[in-house]
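I opened the notebook to record what I looked up in this structure.

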Amino acid sequence: RVKARDALYAQLNEQQSEAVNYGSKSLLVLAGAGSGKTSVLTARIAKLISTGRVPAKAVLAVTFTNKASQEMQHRLRKLLDARSVREMWMGTFHSLCSKMLRENAEAAGLPKTFAILDVDGQEAMARGILKDFGLTKASLKESAKARANAAASRDLLTPADILLSAGGIQENDLEDDGDANEFVTPGQCAKFISARKEAGVPPAPPAVVNTKSMAVDQMEAVYAEYQKRCAAAGLLDFQDLLDRGVRLLRDVPDIRQKYQDKFEAILVDEFQDTNKIQYEFLQLLKSRKSHVMAVGDDSQSIYAFRGADPRKMFQFVQEMTTDAEAPEGRIVKLEQNYRSLPHILEAANAIIARNPKQLKKTLFTSRPDGNEKIDLITFGNGMFEASSIARSIHHMVKVLKVPPSEVAVLYRTNQQSRLLEQELNKLGVPLTVYGGFRFYERQEIKVVMAYLDLICDMTRDLSFARVANVPPRGIGERTIEELRQRAKAKGISMMEMVGEQSVFLESNPKAFGGASAIKKQRLLEGFSDVVLNLADMAAEVPLSKLIERLVEASGLDVHYKSESAGSKAGEAEAEERLKNIAELVSAARQFEVENPQLTSAADQLPDYLAYVALMTSTSEADMSKKPTISLMTVHSSKGLEFDHVFIAGLEEMTFPHSRAIAEDEENGNGKSLEEAFEDIDNVDAEDLDADFQDGDGLQEERRLMYVAVTRARKTLTISHAQERMLNGETKAFEPSRFLQEIPANRLRLINDAEQFAKASRAGRDTGNREYGGDAFDDGRSEYRPKAPARSSAPVAPAAARSQTAPATRRMAIIGTAGRDKAHEM
Ligand code: ATP
Ligand code: MG
């Protein structure tokens with residue numbers, strides 16, 4: 001480990017070294033992508049601890065995602081002893097708050113076993129409320145006509161309007177929820193509630209309800225009820241975690257003191273995406289004795305829609321680094337990029353230079369200039385783009401033996417992964433969709449988690465209802481609903497209600513309500529016995545064992561096996577499910593190793609459930625350990641790097657996103673960050689350009705593009721499709737404006753999709769350039785599509801289109817014709 005540390009320190013450049021060895025004072029490291037910010041932060045932790053300047057337990061490190069924190073821990077394990085790594089606090093703001101609240105549940109006014117409500121749980125909660133309010137799809141359908149009339153007579157905002165104006169909604173979320181205009185769905189309610197809570201807006205008092213629209217009224221009402229139920233059940237959603245964490249530190253001086261004394265060194269990665277409440281959390285933890293190292297890049301601020309504000313970097317320098325002599329001394333800039341080859345870096349620099357408000361940062365690389373240019377490919381349609389990328393990756397991985405973990409496909413919005421996934425699956429390329437259908441969201445995993453939740457705390461009715469009939473035990477929805485009503489009337493949980501009914505049945509079978517009622521009760525008892533037995537077991541065995549027993553005792557294993565019997569596809573699916581459950585057992589074992597102080601499942605469960613809920617929060621990793629290529633949104637790719645990166649779907653309306661285009665690109669009138677930093681001691685944060693905070697859509701999109709491009713180490717392939725299927729309709733799309741912002745001499749244009757697929761990266765990696773593409777031999781200085789004829793024209797009828805889109809036609813002929821065709825036509 002000493003050797004590993006020495007090697008690490010030896011490679012640092014001068015500025016990096018300055019930051020790593022910075023004294024016990026606070027500082028800001030401000031630098032562009034790939035300049036080693038995260039590396040410096042990690043090295044500083046290693047230095048502080050290994051030299052004994054700061055004990056491991058006095059270190060607090062904040063990362064942006066759980067995945068980032070896992071990676072950092074992994075790196076630190078090579079530099080420090082295991083105990084040190086375990087003792088320091090590292091995680092996201094959410095997970096740190098969760099940990100703090102759990103340690104001080106009583107002082108925070110929370111039950112010791114408080115649970116975290118993830119997005120899924122929020123939806124389940126909203127669904128229950130809608131049901132109780134008679135606002136389900138069925139009951140709403142009845143009044144749909146009446147509402148339509150009402151809508152005609154007043155200016156009705158759709159839920160979509162509301163959600164968009166409430167902020168916090170990203171990536172065409174609404175389409176996922178189906179009929180946005182007719183019904184308020186649980187998903188919409190959940191998003192509405194999150195957006196309100198993030199904006200710090202409490203539920204409207206009932207008097208204010210009825211002023212805007214049916215939809216808003218409904219969502220407001222659901223929001224109010226949601227808050228009540230969460231409080232009653234000891235449930236915290238993600239926003240609550242931050243709110244309650246900050247409140248704990250702010251309102252309980254003893255606890256604030258305790259943590260201020262504890263943490264001597266605080267380090268924050270991705271500081272530019274810190275929002276107000278997270279900043280407040282840091283302020284509360286910072287004491288006179290402690291020092292904070294914040295590293296960030298305003299050019300990579302991409303969460304303004306969630307309230308992130310890069311002006312916080314400025315505020316930080318003013319407020320937290322006051323004991324340094326001169327401003328320059330409190331800011332370290334890194335200027336050498338170690339990640340990307342020159343063409344990629346220059347493209348990134350050129351793109352971000354178009355944003356007038358970024359801080360000027362120099363970024364140079366000393367890597368040799370003999371690299372390949374960026375491939376820019378024009379595809380006939382989205383389908384062809386996906387299949388070409390898939391074939392290209394297949395070739396890289398299978399023939400050229402590129403490690404799958406070094407390949408990533410990035411896209412702007414979540415739903416773009418579907419086609420890519422489909423095409424890669426056809427070729428058997430192993431993949432992980434980050435931020436998509438995540439491990440913990442798989443059906444079988446959710447089922448097991450619901451059992452665990454119920455075992456942990458038997459009053460959790462949501463989980464009770466979720467699994468009472470999984471696997472099928474003959475307990476119908478009606479039975480569950482009746483039980484729920486009765487339990488509610490008595491003010492007890494559903495588990496308790498089963499118990500009470502059981503007692504009643506024993507003592508008074510005649511009065512119970514006949515054979516059918518008794519049969520129902522027996523079934524419920526069967527289920528509750530399973531849970532009770534497992535809960536007993538939980539006191540004695542560790543979590544991983546408990547899960548194994550659970551799968552047997554509940555009958556899930558038999559169920560998944562028998563469900564699939566007979567069909568090949570079904571068997572594969574069952575195998576997959578059982579594999580996932582096995583994976584969950586390994587994950588639980590890992591958790592046990594990392595938390596040796598917790599010995600039985602009963603002890604482990606509250607922490608474990610919190611941990612999992614946090615894992616499902618943001619764009620997180622699949623847990624499988626096998627090497628896979630990565631599919632992810634640009635948002636999820638922040639901080640990561642890959643040898644080979646594809647950015648797909650570079651079209652206007654997609655990237656930049658339609659919403660950003662619709663927004664006004666006008667600059668605000670305040671001082672820019674650049675100006676402010678020049679005179680940091682004499683500028684008031686209030687004077688800063690407020691547009692940084694308010695979306696400033698296109699600039700944020702451009703920063704996203706900067707983030708995307710700077711993920712690549714060696715090759716970058718970017719593409720756009722002339723047509724794409726959207727909501728069941730084929731539409732023409734113009735190439736993204738960002739393509740034109742890349743200097744032409746960095747690009748190689750490829751216009752023939754089929755040729756690209758055939759030659760793939762093979763040509764490039766073996767030095768064989770048989771597929772030329774047509775670079776700019778006509779003296780153009782920027783990318784303009786050469787044959788833009790169809791990109792802005794209305795979509796031609798199918799027959800005409802197959803004339804003008806050979807790619808589509810060829811594809812239809814090669815192999816999977818029927819399906820592809822069906823897709824495109
Ligand atoms: P981002 O802005 O994308 O988060 P970053 O500034 O955090 O990037 P890192 O991820 O820390 O940058 O580093 C980028 C790459 O450069 C990593 O692969 C890292 O190992 C490498 N690197 C950093 N510093 C050096 C150095 N002094 N010598 C060699 N390689 C380095
Ligand atoms: Mg980083």
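My entries follow, from the whole chain down to single residues.

**Ground rules**

I am working with a predicted model, where local features need pLDDT of at least 70, side-chain atom pairs count only at pLDDT 80 or more, and totals for chains, interfaces and linings use all residues. Residues are numbered from 1 along each chain as its sequence is written, while chains are lettered from A and ligands numbered from 1 in the order in which they are written.

**Whole chain**

I looked up the secondary structure and found 40 helices and 16 strands. Helices (H or I, at least four residues) and strands (E, at least two) are DSSP runs, numbered from the N terminus.

Next I checked burial. Buried residues make up 45% of the 825 residues in the chain. A residue is buried if 20 or more other C-beta atoms lie within 10 Å of its own, exposed if 12 or fewer, and partly exposed in between; the C-beta atoms are placed from the backbone.

Then I turned to contacts. Two residues are in contact if their C-beta atoms, placed from the backbone, lie within 7 Å. Of the contacts in the chain with a separation of 6 or more, 78% are between residues 24 or more positions apart.

**Cores**

Which residues have the most contacts inside the largest nonpolar core? I found Val29, Val59 and Val448, in a core of 139 residues. Helix 22 (residues 443-456) gives the largest share of this core, ten residues. A second, separate core has 67 residues, including Leu345, Val397, Leu424 and Ile742. A nonpolar core here is a set of buried Ala, Val, Leu, Ile, Met, Phe, Trp, Tyr and Cys residues joined through C-beta atoms within 7 Å. In soluble globular proteins, nonpolar side chains tend to be buried together.

I followed Val59 further. Leaving out residues up to four places away in sequence, Val59 touches Ile45, Leu48, Ile49, Val54, Met88, Trp89 and Ala265.

I traced an open sheet of six strands in the order 3-2-6-7-1-8, with parallel pairing. Two strands pair if DSSP finds at least two bridges between them. Strand 3 (89-91) and strand 8 (331-334) are the edge strands, and each pairs on one side only. Neighbouring strands of this sheet are turned by 10° against each other on average, direction ignored.

I looked at one pair in detail. Strand 1 (residues 27-31) runs parallel to strand 8, and four bridges join them. Alanine 31 has leucine 334 in strand 8 as its bridge partner.

Helix 4 (residues 66-79) lies across strand 2 (59-62) and strand 3, at about 135° to strand 3. For such angles, axes are lines fitted to C-alpha atoms, for helices over the stretch in contact, and angles run from 0 to 180 degrees between N-to-C directions.

**Around strand 10**

Strand 10 (residues 407-411) pairs with strand 13 in the parallel sense over four bridges. Valine 407 stands opposite histidine 644 in strand 13. Strand 10 also pairs in the parallel sense with strand 12 (residues 629-633), again over four bridges. There, leucine 410 has methionine 632 as its bridge partner.

Which residues of strand 10 point which way? I noted Val407, Val409 and Tyr411 on one side and Ala408 and Leu410 on the other, all buried. Strand 13 (residues 642-647) has five of its six residues buried, so it is largely enclosed by the rest of the structure.

**Ligand 1**

I counted 19 residues around ligand 1, and the closest are Gly36, Lys37, Thr38, Ser39 and Tyr338. A residue is near a molecule if its C-beta atom, placed from the backbone, lies within 6 Å of it. Helix 3 (residues 37-50) gives the most to this shell, with three residues.

Most residues other than glycine have a negative phi, and most peptide bonds are trans. I looked for exceptions.

- A cis peptide bond joins valine 470 and proline 471, with omega about -5°.
- Another cis peptide bond joins phenylalanine 655 and proline 656, with omega about 10°.
- Glutamate 270 is not a glycine, yet has a positive phi of about 50°. Glutamate 270 counts as buried because it has 25 C-beta neighbours inside 10 Å.
- Methionine 653 has a positive phi near 85°. Methionine 653 has 19 other C-beta atoms within 10 Å, so it is partly exposed.
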